[in-house]
Structure formats: C-alpha cells, structure tokens
Amino acid sequence: MDQTSRPVTTSEINSLRREVRGFLAAFRREGRFTPTVDCWVRGWDDEFSKELGRRGYLAMTVPTAYGGQGRTHLERFVVTEELLAAGAPVAAHWIADRQVAPSLLAHGTEEQKREYLPRIAAGECYFGIGMSEPDSGSDLASVRTKGVKVDGGYRITGSKVWTSGAHRAEAFFVLTRTTPLGDGGKHEGLSQFIVPLDSPGVEVRPIVSADGLHHFNEVFLDEVFVADSAVLGRIGDGWKQVTSELSFERSGPERFMSTYVLLESLIAEGRVQEHGSRQLGRIASRLAALHTLSFGVAQRLHRGGPADTDAALVKLLGTEFEGDVVAWAADEMDGQAHDPMGFIGQQLRIAQVQRAGFTLRGGTSEVLRGVVTRGLTV
Amino acid sequence: MSPDSLTAENRDLRSMADALFTAAIDREATRSGDFDADLWEELHAVGLADLTAPASVGGSDATWRQAALVLDSAARHGIQVPVAEHDLLAGWLLRTIGDPDGSSRTDTFGLSNDGASCVLPWADVAETAVILREQNGEWHYARLRLHSDDAPPAVAFGGVTWSRLSELEAVNWKPVGSPGVADAVIRRGAAVRSIQVAGAMDGMNSLTVEHAMMRRQFGQPLRKFQAVQRLLADVAAHSALAGTAVARLVDALEQDAVTDADVAVAKSCVGRSAEVLVRASHQVHGAIGTTQEHRLHRFSGAIYAWSRDFGGAATWERKLAEHLSGPEAAQDLWRLVTGV
Ligand SMILES: Cc1cc2nc3c(=O)[nH]c(=O)nc-3n(C[C@H](O)[C@H](O)[C@H](O)COP(=O)(O)OP(=O)(O)OC[C@H]3O[C@@H](n4cnc5c(N)ncnc54)[C@H](O)[C@@H]3O)c2cc1C
C-alpha cells in the first residue's frame, strides 16, 4: 500500500499535534520567531525552514526514498495547521512544500525528483510559481510566455508577474504556450518547465506590496534556455497538470488561518469586550466548522477521491472568514486604549492591508463561485 | 456632495481645492515621505489652511459646509493634509477657549486616553500639538511644542505618520472651562473623520469603475462580467449611502444643531459601508491593487486609520443605542429619523 494512504488513528493525529505544539511553544519562548498574521506569505526564515526539515515536518507526504517522511495528507494537515496557528515563519518553503513537491511526485522525472525532493524535505530548496502574467490573471490559459523547441531543449521568452518569493527562490515552475493558439482549444498547447532563477536571460524585478515589504516580483524571461530534462510532465499537458493540483492548493488550513494570530491575541490579552462576546461566539463557531470542512477534504484526498468542489468551497468560505476576523478585531478594539505600535495594533494594521489578497491569490472568489456552480450542475 | 446643489461661491471653492489636490497627485512620484510641504504652503497662501478661523486672525471664515467640501476633495483625491487637525480641531479649541498664544503655522490634535500618552497624526511635521484629556470628570488641554530632533515612536498608516507622545503627566495642563467644549471637539473630530472616510470611499468608487472599464480578461473588460457588476454596484451603493449620511451630518453642523445621535448615524453608516466598499473595491482591482505603487491603498489605508479615530462605528452605535433606550425610545427613534 502507498505509504501516504495508510490508515491513521485519531490518537496518532492528536499526539502529532501535541508534539508540534510543544516545539512551537518552546521556540516562541526562546524568541526564535515572532508570530505574524499571513505568516505563509510574510514570514520568510531560512533557518526556521531548515529546522522544520530536521524535525521531519516538511515534504511529509513525499516517500522516504526521496528524503520525505512517507506520511499521510492528514498528518501534513495537522502539522501545517499548528504552524499557521502559531504564526510561524513558513513562507520560505511554503510553495515548495505545498505545491512543488506534490507536482514533482505526480509529473516529475526520476532525475527531477532526485534533484529537488530531498532538498525540499530538508528545507533548503525554495520555489516560486510562474503562472500569472500582466494580461493573464483569472484568464490563466491566455498566457503568452512562449516555449520554443530548439536543439536539446527549449527557449522561453515572456514575462511573469506576482511571482511570490522569486527573489529568494532557487527555481520556479513556468507555465508557457508551446503550441500557438490555433485549432485546438486554448487549454491545449500549454506546457510547464522548471526554470532555475539564476539562468542567463532571467531578470527578477521587485514589486513592493502595500505593507511596504517585498513579497512578489515581475520575472522577465528573454530567450532563456532550458534542457529537455527541465520539462515538467508532458509537453502540451500544462493545463491538465496545473489544474490537477488545485484541490491541494485550495483546501488547506492556510485558507482560513491567515488571521488566526490576530483572533488569538485579542482573546489572550483579554481584549474582547463584553458587548462583543456574541460576535466572538460566531467567529469561533465558523472557525471550528471551517477546520472540519478543510480536514474533510484532506481525508477525501487521503483516500484518493476527487474533492474539487469542496476544495473551492473551503477557499471561498475560508478566505471570507479571514477577512471577517479583521473586521471583528477592528470592532473589538474600537474605543479601547490602543497602541498602534503594540502587538495587536501592528497585527491589525498588517491584516487590514494584507486582507485584500486573501480572496484573490490561488483563484479569486468570483472564479471559485464558478467552480462550485459547475460542480453542482454537472 | 453633488456639485449641482452647491452655490456658485462653493462651486468655486470646490474647483480650487480639486485643482490643488490634483496637482499634488502629480508630485507624488517625486516626493519623499508622506507630507507634501509645498501643498501645505499653497493651502496657507489661498486661505484653505486656516479655513474656518475668523478673518480677524487671518482666517477665511468658512462655514462647515465649505470646510466639508475641502476635506472631501482632499480625501477623494487620496491626498493627506492636516487641515482638519490644524483648523477644525486644534485651532477651534484654542479659539473657543481663548488661549492667548493662538495658532501656530501647523497644529495637530490628539486625545489622550490615559492622561499620560497620546497617539496622534502629523506630530512628525507639526510645530505644535493640542492634547485633550479627562481626569476625574474634568477636561484639560495642553499645548506642546514638537521637536523634530527627538522623534517619538511612530508608524505610517494610510499616508499619515501616527506618533505616540508619552510622559505627558508633567506638561502644563490647563482646564478647558466648560465641559461642553470637550464634547463638542470630540463630535467635531468624529465628524471630520466621517467626512474624510466618505470622501475616500468616493475616490475608491471612481478608481474601481475606471479599472473595470480598462482591465480586460477573457477578451472582455471586467465590467462585462456579472460577478464584477455586482461588486461595482456594491461599491457605488455604499459610497452613496456613506455620502448621504455625511451630508445629513453636515446639514446639522451647518445649523449648529449637531447632536451625538447625528454623529453616530454618520460614524455608523460610514464605517459599516466602508467595510463592504473596501473589500469589493480591492476585489475588482485584483493583485495590482495590493501594490505600493498603485494608489488604491492610499484610500483603503486612510479609511482604516480614520474610521477608528474619535471612536469607530461600534463606539458610536453603542452611544446611539443608549440614547434609544429611555422611556420615550420609540418617539426618540422616529425623531432621529424625521427631525421632529
Ligand atoms: C498575495 C498574492 C500572491 C500571489 N502569488 C502568485 C504567485 O506566486 N504566482 C502567480 O502566478 N500568481 C500569483 N498571484 C496572482 C493571482 O493568482 C492573481 O491575482 C489571480 O489569479 C487574479 O488575477 P488578477 O489579479 O490579474 O485579477 P483579474 O483576473 O484582473 O480579476 C479582477 C477581478 O475581476 C474578476 N474576474 C475576472 N474574470 C472574471 C470572470 N470571468 N467572471 C467573473 N469575474 C471575473 C476577478 O474575480 C476579480 O474580482 C498572487 C496574488 C496575490 C494577491
């Protein structure tokens, strides 16, 4: 039996949670990280990622033969959920661990798996995702970055945008058009490549976000050569490959936990006012239900079943919830002595700014409503 | 505020303000820091800085409606200037109390919650600050000279630097005299913030419509998608509701008959509508609206920062609910709505 779908008992899950919680509490006590909202985008810390690798908390569903932990999606779920609850700095490895490792397992060559998976598992190899372009956001299939066949490989030309972490990552997955738009539908003729970010012809330009930090980038590719061995999966299968991993990308706890640190700190510091306690009841209830919904998708994926519609639901409801937590926190803090430079003040401000991205990244809420509706009507 | 309901004089005032703030947008790219000192000098030169001060002390004698026009114009252009703090709050308080020192060239204003510290905007660029505090039921104010060489801890948000002044116990606190003065200045503070938030909401509405017409996906402008139309309608509707609530408040201010209930109506409607509008407007913009370079965050950031100042929606809703809990609550409610 596949290691990643073996049965897991509740007591195994619970003891794993306690183990991760204990580790995070100790690290926090020692001041080895400062919690932040939206930590999977804002909290970049190479040393912390390596520590997680050493402790076996990365590439958890990757087989041990490739340096992974050979554990289940459910175990990965609880580890990531605990990390997010603590606001731990997980941005460095996030994309590699969540998206790239499963894609390599599903579509990668033996050589690619050996090259990247052990280092991803060690928290040493970080990735970006080059899908969006200036004119291709929601309409992803309209990407114009070209991959042209040449002797021994491909030459890639075009520009990507909003590429998170490209200024610190080693390589990125690039979605390109390898067959010009013609008779086939626009979902055909797309291909994915693994492109090292230090390749000649790659230029990474920073985009500063409204929070004043540099998270994402424009990446320009000018006749960048990659060998045939850098093709991910099959030429022409790019669309199918990109969409097949969406259930993992959309259903995880990061889709309802991005503002948990804010929620927790208001409760911990006794900032919930009496008149607001009913709202807290509502917020806490939704959190519990969203956790169950998201965990349910993880269980479905664990058994190898399809979960596209439920995954879209998790993201749709979860990201809206993350935004509602921000509004709730602002309401609770209203009228209380409030230090904008203190922890809560700072987290609230950051959350207000970051919130705009929650319902956009990984597919906008409008696009997700389309996915949910199609799921109901097929 | 729709231009056709304005008198000719106020239309001119509005055009003058619009022209100055439009020009300030063009300077943004080349300016360092948030404060546009040139703009502030220009506002002084044309009489928009000491807007409501009497002519006898060099002011423009403007009415509340005129002051609202100027605040709204700045906010709608996404421009931050200390007009409200300098003239309508600090200046007004000093004039009302009859403080012998009069206004400085740039005054700012803050409320101290604990009597020892105060978080306030513009302390990085103002010459003086007026701070108000309550102790044992008595209101006092202090006039502080601000020194740029020992800057207090500060954070930039919504295009303004907010600073925390501390160790205020020992400064020279003077009684404000009548307690009504302190209540009035808090109402004025809440009113100017409501006017500013509604103006910024209007600005976001314009940017959002513009973006939905220009940006194309799937071969069409965004405005063609029904889901986007719904967002656009929400933005427009909530901008209109906030604008109306503020217009209602400005009428009351103009007649010098403003009550806490009037302020509460504005603070609540503006605050709650802003929450819906900011989310929908950002949603239409997509990723481009999350960048520092795009002007959208100047509006949403300002809305967040101003909304909570002088009490946010929740604080004022609580006051209004208390007002509507007396023996004549039902009559009070209908009186709030109809005025009689
Ligand atoms: C924080 C953050 C990180 C990101 N990181 C990455 C990354 O690492 N790699 C990457 O490739 N991309 C990344 N993105 C980009 C993200 O995938 C896009 O923002 C998203 O796909 C939407 O595209 P857009 O921003 O161009 O918005 P647009 O597609 O222009 O959409 C604007 C608005 O129109 C709506 N709309 C568009 N088309 C339709 C339609 N057919 N029907 C109804 N409504 C429609 C949208 O829902 C949205 O409300 C990131 C974005 C953010 C905010």
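## Close-up views: legends

**In α1(A), residues A:Phe23, A:Leu24 and A:Phe27 meet A:Phe48, A:Glu51 and A:Leu52 of α3(A).** Contact here means heavy atoms within 4.5 Å. The contact residues divide into five nonpolar, no polar and one charged. Nonpolar covers Ala, Val, Leu, Ile, Met, Phe, Trp, Tyr, Cys and Pro; charged covers Asp, Glu, Lys and Arg; the others, Gly among them, count as polar. The model is predicted, so local features need pLDDT of at least 70 and side-chain atom pairs count only at pLDDT 80 or more, while totals for chains, interfaces and linings use all residues; side-chain values use heavy atoms, leaving out hydrogens and water. Residues are numbered from 1 along each chain as its sequence is written, and chains are lettered from A and ligands numbered from 1 in the order in which they are written.

Helix α1 spans residues 10–29 of chain A, and helix α3 spans residues 46–54 of chain A. Helices (H or I, at least four residues) and strands (E, at least two) are DSSP runs, numbered from the N terminus. The two helices pack at an angle of about 150°, with their axes 13 Å apart. Axes are lines fitted to C-alpha atoms, for helices over the stretch in contact, and angles run from 0 to 180 degrees between N-to-C directions. The pair α1(A) and α3(A) is therefore roughly antiparallel. Angles under 35 degrees count as roughly parallel, over 145 as roughly antiparallel, 65 to 115 as roughly perpendicular, and the rest as oblique. The crossing of α1(A) and α3(A) is right-handed. Right-handed means that the near helix is turned clockwise from the far one by less than a right angle; left-handed means anticlockwise.

**Helix α9 of chain A crosses helix α12 of chain A.** Their axes come within 10 Å and cross at roughly 150°. The helices α9(A) and α12(A) are therefore roughly antiparallel to each other. Their crossing is left-handed. From α9(A) come A:Val261, A:Leu262, A:Ser265 and A:Leu266; from α12(A) come A:Phe343, A:Ile344, A:Gln347, A:Leu348 and A:Ala351. By class, this contact has seven nonpolar, two polar and no charged residues.

**Helix α9 of chain A also crosses helix α10 of chain A.** Here the axes come within 13 Å and cross at roughly 140°. The two helices α9(A) and α10(A) are therefore oblique to each other. This crossing is left-handed. A:Tyr260, A:Leu263 and A:Ile267 of α9(A) make the contact with A:Leu280, A:Ile283 and A:Leu287 of α10(A). The contact residues divide into six nonpolar, no polar and no charged.

**A:Arg271 sits in the loop between α9 and α10 of chain A.** A:Arg271 and A:Glu332 are 61 residues apart in sequence. In space, they are 7.1 Å apart, C-alpha to C-alpha. Leaving aside residues up to four places away in sequence, A:Arg271 touches A:Leu266, A:Glu332, A:Met333, A:Gln336, A:Ala337 and A:Ile344.

**A salt bridge joins B:Arg279 to A:Asp324.** The N-to-O distance is 2.8 Å. B:Arg279 lies in helix α7 of chain B and A:Asp324 in helix α11 of chain A, so the pair joins two chains. A salt bridge is a side-chain nitrogen of Lys or Arg within 4 Å of a carboxyl oxygen of Asp or Glu. B:Arg279 is partly exposed, at 24% relative accessible area. Buried means under 20% relative accessible area, exposed over 50%, and partly exposed in between (1.4 Å probe, protein chains only). A network of salt bridges links A:Arg286, A:Asp324, A:Arg355, B:Glu275 and B:Arg279. Over all chains, the count comes to 54 salt bridges.

**B:Asp262 forms a salt bridge with B:Arg248.** Their closest N and O atoms are 3.1 Å apart. B:Asp262 lies in helix α7 of chain B and B:Arg248 in helix α6 of chain B, so the pair ties together parts that are 14 residues apart in sequence. B:Asp262 is buried, at 12%. B:Arg248 is partly exposed, at 29%.

**B:Trp122 and B:Phe310 have positive phi values.** Most residues other than glycine have a negative phi. The phi of B:Trp122 is near 70°. B:Trp122 lies in the loop between β2 and β3 of chain B. At 3% relative accessibility, B:Trp122 counts as buried. For B:Phe310, phi is about 60°. B:Phe310 lies in the loop between α8 and α9 of chain B. B:Phe310 is buried, with a relative accessible area of 10%.
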